[in-house]
Amino acid sequence: MLFVWFWLVAIMITAYVVFDGFDLGAGVLHLLIARTDQERRTVIRTVGPVWDGNEVWLLAGAGTLYFAFPLLYASGFSGFYLPVTIVLWLLILRGLGIELRMHLESPVWTGFFDGCFAISSILLAVFYGAALGNVIRGVPLQKDGYFFLPLWTNWNVGPQPGVLDWYTVIAGAVALVALTMHGAHYVAMKTSGDLNTRARRVASVLWPILVLVTIASLAATLLIRPELLANYRSFPVLYVVPVAVAVSLITMRVYRRKGNDVGAFFSSVTYLVFMLVGAAAAVYPNLLLSTTDPALNITIQNAHTGNYALRVGLIFWSFGMALALGYFIFIYRIFKGKVGEQTEGGGYL
């Protein structure tokens with residue numbers, strides 16, 4: 001049951017990154033590739049009907065984490081109190097930027113909400129990447145399972161790091177480039193004309209940068225945490241993960257050159273999925289690593305809730321996920337196709 005719940009949490013976090021990732025990418029890009037107010041409206045309309053539904057995966061993932069591994073939830077959310085607060089404000093600002101922009105015709109307020117959407121999307125991507133970097137690098141866990149991290153200290157990886165250091169900044173850069181490229185593929189898939197051309201161009205420019213930061217992040221991870229290869233050595237089948245990452249980068253490039261927006265987008269999905277699966281496989285069975293003493297690591301064995309609760313919870317989780325998947329299939333079928341082919345009018349349509 002612990003193995004199952006570990007991977008259920010990992011799957012839900014991955015689903016959030018894949019789905020809300022293109023929303024963030026569109027936010028990063030919408031002031032860059034959209035030249036007119038109508039084009040900015042079009043970019044927002046590509047994500048407008050689905051962005052709030054995509055965030056359900058974040059809430060569901062956090063709820064599942066709280067239910068299955070309450071010690072990790074208590075320790076992580078207290079130790080990361082400052083960045084969690086920042087992320088909450090950024091989520092609020094992004095929602096305001098998307099929802100209120102369409103309801104005000106004032107150039108001042110339109111520009112303000114455009115800025116909210118773009119800046120919050122950029123910072124969210126960076127903070128999400130840095131968050132994963134903190135999990136992989138580790139935190140200064142105490143014997144009671146708690147810790148505190150300032151936003152930064154001396155920018156070095158050590159026993160008493162900050163939320164931001166040279167390693168987590170690399171992780172944040174990977175997330176920013178990857179999600180921006182993911183959003184570019186999505187916008188290209190959902191638009192036509194000049195927006196489609198500019199989104200394709202951005203994706204082409206970002207591809208070599210993504211390759212470089214991916215290699216840099218892998219090298220940095222092996223430098224600070226060489227023991228994370230232990231699971232890969234014990235289960236050689238896991239080496240399919242880095243191979244899949246490399247293949248997804250290649251197919252991303254091939255589809256982009258062919259002008260196949262759908263193929264490029266799903267190659268981007270594959271890249272994100274296997275990057276996160278690779279990280280989860282490397283840290284398992286740990287949930288949060290200690291930078292001071294490996295004996296203090298929070299693991300699935302010392303952080304889980306009762307076995308009876310896990311068994312019963314799996315039943316309710318299955319029903320809830322069936323409803324969520326039904327909703328997602330329904331909403332994405334309704335809004336399939338390019339934005340320009342949908343009905344003009346109020347709201348996002």
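The lining of the second largest pocket has, by class, 15 nonpolar, 3 polar and 3 charged residues. Here Ala, Val, Leu, Ile, Met, Phe, Trp, Tyr, Cys and Pro count as nonpolar, Asp, Glu, Lys and Arg as charged, and the others, Gly among them, as polar.

Please note that this is a predicted model, in which local features need pLDDT of at least 70, side-chain atom pairs count only at pLDDT 80 or more, and totals for chains, interfaces and linings use all residues. Residues are numbered from 1 along each chain as its sequence is written, and side-chain values use heavy atoms, with hydrogens and water left out.

Let us turn to helix α2, residues 37-47. Because 9 of its 11 residues are buried, α2 is largely enclosed by the rest of the structure; buried means under 20% relative accessible area, with a 1.4 Å probe and protein chains only. Among these buried residues are E39, R40 and R41. The buried residues of α2 pack against α1 (2-33), α3 (51-54), α6 (81-101), α7 (107-137), α8 and α9 (193-224), contact being heavy atoms within 4.5 Å.

Finally, consider K190, which is found in helix α8, residues 166-190. Is K190 buried or exposed? K190 is buried, with a relative accessible area of 8%. A polar atom of its side chain lies 2.7 Å from the backbone oxygen of G337.

Terms used. Helix = DSSP H or I, 4+ residues; strand = E, 2+ residues; numbered from the N terminus. Buried < 20%, exposed > 50% of the residue type's maximum accessible area, 1.4 Å probe, protein only. Polar contact = N/O pair within 3.5 Å; in protein donor to acceptor, adjacent residues only side chain to side chain.
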